[in-house]
Amino acid sequence: MLYFDPKRTYLIAAEKGKTFHTHKGYVQLDSLIGKEYGTRVTSNLGVEFVALKPLLSDFVFKAQRRTQISYPKDVALIVMFSGIGPGSRVVEAGTGAGALTTALTHYVRPDGRVYSYEIRPEFTETARRNLGRANLLNYVELKNQDITAGIDESETDAVVLDLATPWLVVPHAFSSLKGGGTLVSFSPTIDQVVKTVEELHQNNFIDVQTIECIMRRMQAERGKTRPETLMTGHTGYITFARKSLP
Ligand SMILES: C[S@@+](CC[C@H](N)C(=O)[O-])C[C@H]1O[C@@H](n2cnc3c(N)ncnc32)[C@H](O)[C@@H]1O
């Protein structure tokens with residue numbers, strides 16, 4: 001990732017003979033091949049960039065998008081409270097641009113697998129490109145299927161939902177999950193949360209909890225340190241639940 005300042009970072013592949021053009025001039029990418037991360041490189045206009053190893057959040061934020069993607073603040077909590085880790089078998093829907101899929105897949109490696117359902121084939125193809133860029137395609141199965149019609153996988157550890165009608169998936173998630181498995185549902189509106197929570201209670205899920213995460217960025221500079229004026233006010237609510245055996 002080429003870093004100029006926090007708002008101007010560029011995720012690119014350093015390939016032989018390739019030039020990267022920015023508003024600050026162009027950079028010959030040849031000069032970066034084989035160099036250590038942290039190396040400084042100068043554009044033809046004399047402007048310095050630093051070559052950094054991309055973090056998971058860079059891949060999530062910089063996913064090419066045709067849908068609203070999951071924000072890293074929500075992704076972090078989804079991973080933390082879902083129990084997902086190396087070896088987990090995870091079902092996800094909808095794939096969208098694959099931003100959340102990227103994070104889930106990152107954490108289930110090397111022995112786990114993510115099965116990601118999406119009804120719109122063009123979104124699946126965007127997600128395939130984003131996951132390929134993050135080198136994660138070996139650990140994920142992208143499926144062009146309507147998840148409200150059923151889930152093929154059984155004995156799964158978690159079902160993670162980010163789609164308009166999560167309550168329609170709850171009975172399928174119950175059949176797919178192992179005892180004690182986790183259901184996670186992200187929804188922008190409270191109406192969706194209420195329908196989903198009611199369905200969870202009717203389907204033997206326990207430990208049902210809903211949270212919202214509000215993140216505020218700070219500008220830190222002596223004499224001027226305070227929260228930034230503008231922030232993302234709302235993304236959505238995250239509901240967690242565990243499957244209990246009947
Ligand atoms: C908000 S987007 C998901 C974004 C994704 N979490 C990301 O980070 O890129 C919701 C997606 O769910 C898909 N979707 C809606 N209903 C679906 C269904 N019944 N089965 C599978 N996918 C569905 C939509 O086509 C859309 O791509």
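Guide: A definition to begin with: rings of Phe, Tyr and Trp, taking the six-membered ring of Trp, pair if their centres lie within 6.5 Å. Ring pairs of this kind link Phe-4, Tyr-10, Phe-20 and Phe-49 into a cluster. Keep in mind that the model is predicted.

Visitor: How many aromatic pairs does a search of the whole structure find?
Guide: The search turns up six aromatic pairs. One of them joins Tyr-10 and Phe-49 edge-to-face, with 6.4 Å centre to centre and 65° between the planes.

Visitor: Which parts does the pair of Tyr-10 and Phe-49 tie together?
Guide: Tyr-10 is in strand E2 and Phe-49 is in strand E6, so the pair ties together parts 39 residues apart in sequence.

Visitor: Is Tyr-10 buried or exposed? And Phe-49, buried or exposed?
Guide: Tyr-10 is buried, at 18% relative accessible area, where the cut-off for buried is under 20%. Phe-49 is buried too, with a relative accessibility of 0%.

Visitor: What about Phe-174 and Phe-205?
Guide: Phe-174 and Phe-205 also make an edge-to-face pair, 5.6 Å centre to centre with 80° between the planes. It links distant parts of the chain, with Phe-174 in helix H5 (residues 170-176) and Phe-205 in strand E12 (residues 205-212), 31 residues apart. Phe-174 counts as buried at 15% relative accessibility, and Phe-205 is buried at 3%.

Visitor: What lies over the face of Phe-174?
Guide: Lys-243 does, at 4.4 Å from the ring centre.

Visitor: Let's step back. How many helices and strands does the chain have?
Guide: The chain has six helices and 15 strands. Its C-alpha atoms fill a box of roughly 65 × 45 × 30 Å along the principal axes. Of its 246 residues, 45% are buried.

Visitor: Now the sheets. What order do the strands have in the open sheet of four?
Guide: The order is E2-E1-E6-E5, and the pairing is antiparallel. Strands E2 (8-10) and E5 (40-42) are at the edges, each pairing on one side only. On average, neighbouring strands in this sheet are turned by 30° against each other, ignoring direction.

Visitor: How many bridges hold E5 and E6 in their antiparallel pairing?
Guide: E5 and E6 (residues 48-51) pair over three bridges. At one of the positions, Val-41 has Phe-49 of E6 as its bridge partner. That is the Phe-49 from the ring cluster.

Visitor: And the open sheet of seven strands, what order does it have?
Guide: That sheet runs E9-E8-E7-E10-E11-E15-E12, with mixed pairing. E9 and E12 are its edge strands, each pairing on one side only. Neighbouring strands here are turned by 15° against each other on average, direction ignored.

Visitor: What does H2 touch when it packs on the sheet?
Guide: H2 touches E10, E11, E12 and E15, and its direction makes about 15° with that of E15. H3 lies across E7, E8, E9 and E10, running at about 160° to E8.

Visitor: Why is H3 described as largely enclosed?
Guide: Eight of its 10 residues are buried, so H3 is largely enclosed by the rest of the structure. Among the buried ones are Leu-100, Leu-104 and Val-108.

Visitor: How many residues of strand E7 are buried?
Guide: Four of the five residues of E7 (residues 89-93) are, so that strand is also largely enclosed by the rest of the structure. E7 runs parallel to E8 (residues 113-117), joined to it by five bridges. Val-90 stands opposite Val-114 of E8.

Visitor: How many residues does the largest nonpolar core have?
Guide: The largest core has 29 residues, and Ile-84, Val-90, Leu-104 and Val-160 have the most contacts inside it. Elements giving two or more residues include helices H1 (56-61), H2 (72-82) and H3 (99-108) and strand E10 (156-161). H3 provides the largest share, five residues.

Visitor: What does Val-160 touch?
Guide: Leaving out residues up to four places away in sequence, its contacts include Ile-78, Ile-84, Val-90, Leu-104 and Val-184. There is also a second, separate core of 17 residues, with Ile-151, Ala-173, Leu-183 and Ala-241 among them.

Terms used: Residues numbered from 1 in each chain as written. Predicted model: local features only at pLDDT ≥ 70, side-chain atom pairs only at ≥ 80, totals over all residues. Heavy atoms only, no water. Core = buried A, V, L, I, M, F, W, Y, C linked by side-chain atoms within 4.5 Å. Buried < 20%, exposed > 50% of the residue type's maximum accessible area, 1.4 Å probe, protein only. Contact = heavy atoms within 4.5 Å. Pairing = 2+ DSSP bridges. Axes fitted to C-alpha atoms, helices over the stretch in contact; angles between N-to-C directions. Phe/Tyr/Trp six-rings, centres within 6.5 Å; stacked < 30°, edge-to-face > 60°. Lys NZ or Arg CZ within 6 Å of the ring centre and 35° of its normal.
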